[in-house]
Amino acid sequence: METVPRVVVTGMGAETALGHGLHAFWEGVLLGRSGIRPVTRFDTRRFHAHDAALIDRERGPDGAALETLFARDAADEALATCPDFGGGAAGVAVGTTLAGNDALTEWLASRPARAGAPPRSEAGALSRELAERYGARGPVSTVSVACASGAAAVGLGAEWIREGRATRVLAGGADAISPFVFSGFDALRALSTSVARPFDVARDGLTLGDGAGFLLLEEENRARRRGAVILARVTGYGSGSDAHHMTRPDPEGRGLRRAVASALVQAGRVSSDVDFVSAHGTGTTFNDAMEEAALAHVLGAKARSVPVNGIKGAIGHTLGAAGALEAVLSVLVLASQRVPPTAGHTRSRPDSPLRIVSGAPFSPENPIAVALSTSSAFGGTNAALVLERA
Amino acid sequence: MRPLFLVSAALAAEGGSGAPEDANRLRRMDRFGRTGFLAGTRAFSASGASRSRGTDPRGGVIVGTRHGCRPAITEHAARLAAAARVEDLAPSVFASTVHNSVNGELAMALGLGGVSETIVSGRSAGLEALILGARRVATGDADRVLVVAAEGVDDAMREAWEKEKLAFGERAAGVELVETGAAVLLEAKEGEEGSASEKRIPARYVSGTLFFEPDARRASARFFEWMRQIAAQGSGEAEPPAEVLLCTPEYEDFLEGEERDAPRIERFGAAGMFEIARDIARIAPTMPSPHSPSKKIHLYVTRDVTGAVAAVAIEFFSS
């Protein structure tokens, strides 16, 4: 009987406002730090909100956009222990919402009008850039399902390995904050005028953030043969649509429930197996209420005991990178058996069905073997990943 | 893996109109949204399916596009450039600046609550979406997936294309950019009453490949290797691949004359799906049953000059 290849995580990288690299990210979230600060990259005087979790960086000498720089750094780190990554069995799956937007908007506004060659402003350029950088000649794709893009890219990469299209995949997401997206969320009145406080009773909106997160996914047998350290397994991915509204989530979270159910089925798990949730947790009234409803439904009686973390109070909402960074966080939780506190959260509403980890890291008595990471997006798209302890 | 079928297909071109019940929905969309939505709803209707009052958790939408919501991005950018304060912006325009806008609109209109994914991988995006949709149905993640490829073309995109194509030299001379929407409905064979097996099925999805190979000659060699595998595997009663169609304009030495003449029209990420949907529409009126002895496999391939290749093998039930 033919067995489906198993997918393991053997490398990770992160670029966030908490600092350069995975260590800064993990140390920062464990300590409950926040990278949210007043924006200096662009003028925010036209807007209601003025803070974001931005990475202090300028465009590269080659003109590379910020999201490309973040992606290169995080991907370099993820591949640091795999120097021979590349070739026809190596793939790249990238999630992004905004890649290329800056270059396009600058070209549109250039004077004389639209002078010079148009920029390579398509979102798909990001995955091809990384494929060129590392010599990947297998499947190379960019996924763009708004704020669920990073999770969808990790799910797609794992899928390629399971169906035999690749044996190694660099999978993750990247985005950089610009006036374009800042203004849009501000126009929707979705931005907090202070800081994002996921699942807090006093939450008043999201805070945007720069970021990139990448995972090196490998077929397990090949990873073992090369002596790679196996950090975790990616066992399930699911996608579901709210079919409800373009920007407002379904109050009952039915699309997210479908995504989670699908991911659990693929993983061969049931909801009572879930030991930890890395939630989307934007800090908006509607998203967090939806997620509370969905997770309460999914986890049932276990909802009040499963530790939940949301990282957007620490690194902001990194859009296309968010799901990937939350997958990275899930792997770190599985490996360390420590759940970081949710930065920005101090008090849940009294009837909250969830156990939001707050204030200090939490180490449960029972092992954390199965982690669930959830993402929800404009367009009603939801994605869920199941990751398991190695 | 379940066998899966392309049960219906449809195209949408510039200026098309939709069903009366979609008028308000269409008004809020950008050109990409309208083109993709129209193709998707038409393919859905052509299958004989009716719009669900509830939500079908086993039905999904997968979209492929190169530029996606670029018309909405352009509009929001223009508004932002002119805005003195944030209240001068249009929140509804910003809400359309996500590449999965077509997924969301189709999911709401047709009650498709299952998988929702959008691939934005250049000219190969449409066929990549079809490959992904096939995977979702074959593995049981969904029972039916509406696969849509769309490019909405505004003035700024047309202007950008005129400059972009200069890099391709004489081969791009006269190549026209055309707004395109194309969609197919994929279904598994098994199912309840009214399933694909009981319908007049135009085609079956056989296989797909995707890879990244910047060197055109090497890309060509890899494609033909895959084609030989398809031929060697056979496909039931099907004949070896009858025809290879390069769906994207040939800006470089890729397939070197082995294929049907490549088009002189640029459809970006919708190119491959356009050709498939058109071929299905051509044969649908005369198609025999899936048990017909006359079956032909066609290979559709898209090549992005940056290196991406996506190709699919489709078996047509037609003489």
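Start by selecting Phe268(B): this residue is buried, because 28 other C-beta atoms lie within 10 Å. Here "buried" means 20 or more other C-beta atoms within 10 Å of a residue's own, "exposed" means 12 or fewer, and "partly exposed" is in between, with C-beta atoms placed from the backbone. Phe268(B) sits in the loop between β9 (265-266) and α9 (271-283) of chain B. Helices (H or I, at least four residues) and strands (E, at least two) are DSSP runs, numbered from the N terminus. Check the backbone too: phi of Phe268(B) is near 50 degrees, a positive value in a residue other than glycine. Most residues other than glycine have a negative phi.

Before moving on, note that this is a predicted model, in which local features need pLDDT of at least 70, side-chain atom pairs count only at pLDDT 80 or more, and totals for chains, interfaces and linings use all residues. Residues are numbered from 1 along each chain as its sequence is written, and chains are lettered from A and ligands numbered from 1 in the order in which they are written.

**Stop two: a loop in chain A**

Select Arg189(A). Look in the loop between α6 (179-187) and β8 of chain A. Phi of Arg189(A) is also positive, near 60 degrees, and the residue is not glycine. Is Arg189(A) buried or partly exposed? Arg189(A) counts as partly exposed, because it has 14 C-beta neighbours inside 10 Å.

**Stop three: a covered strand**

Now select β7 of chain A, residues 168-175. All 8 of its 8 residues are buried. In a regular strand the side chains alternate between the two faces of the sheet. On one side of β7(A) are Arg168(A), Leu170(A), Gly172(A) and Ala174(A). On the other are Val169(A), Ala171(A), Gly173(A) and Asp175(A).

Two strands pair if DSSP finds at least two bridges between them. Strand β5(A), residues 90-95, runs parallel to β7(A), joined by 6 bridges. Find Gly91(A) opposite Val169(A). Strand β8(A), residues 211-219, runs antiparallel to β7(A), with 8 bridges. Find Leu170(A) opposite Leu216(A).

**Stop four: a covered helix**

Go back to chain B and select α5(B). How many of its 10 residues are buried? The count is 10 of 10. Among them are Ser101(B), Glu105(B) and Leu110(B). After α5(B) comes Gly111(B), with a positive phi near 70 degrees.

**Stop five: where the chains meet**

Show both chains. The contact takes 56 residues from chain A and 57 from chain B. Two residues are in contact if their C-beta atoms, placed from the backbone, lie within 7 Å. On chain B, the elements that each supply at least two residues include α3 (70-82), α5 (101-110) and β7 (203-212). Helix α3(B) gives the most, with 6 residues. By class, this side of chain B has 27 nonpolar, 20 polar and 10 charged residues. Ala, Val, Leu, Ile, Met, Phe, Trp, Tyr, Cys and Pro count as nonpolar, Asp, Glu, Lys and Arg as charged, and the others, Gly among them, as polar.

**Last stop: two domains**

Colour chain B by domain: domain 1 is 4-197 and domain 2 is 202-317. These bounds come from an automatic or database domain assignment. The C-alpha centres of the two domains lie 21 Å apart. In chain B, 39 residues of domain 1 are in contact with 37 residues of domain 2. Which helix gives the largest share of the domain 1 side? Select α6(B), which supplies 7 residues. That side divides into 23 nonpolar, 10 polar and 6 charged residues.
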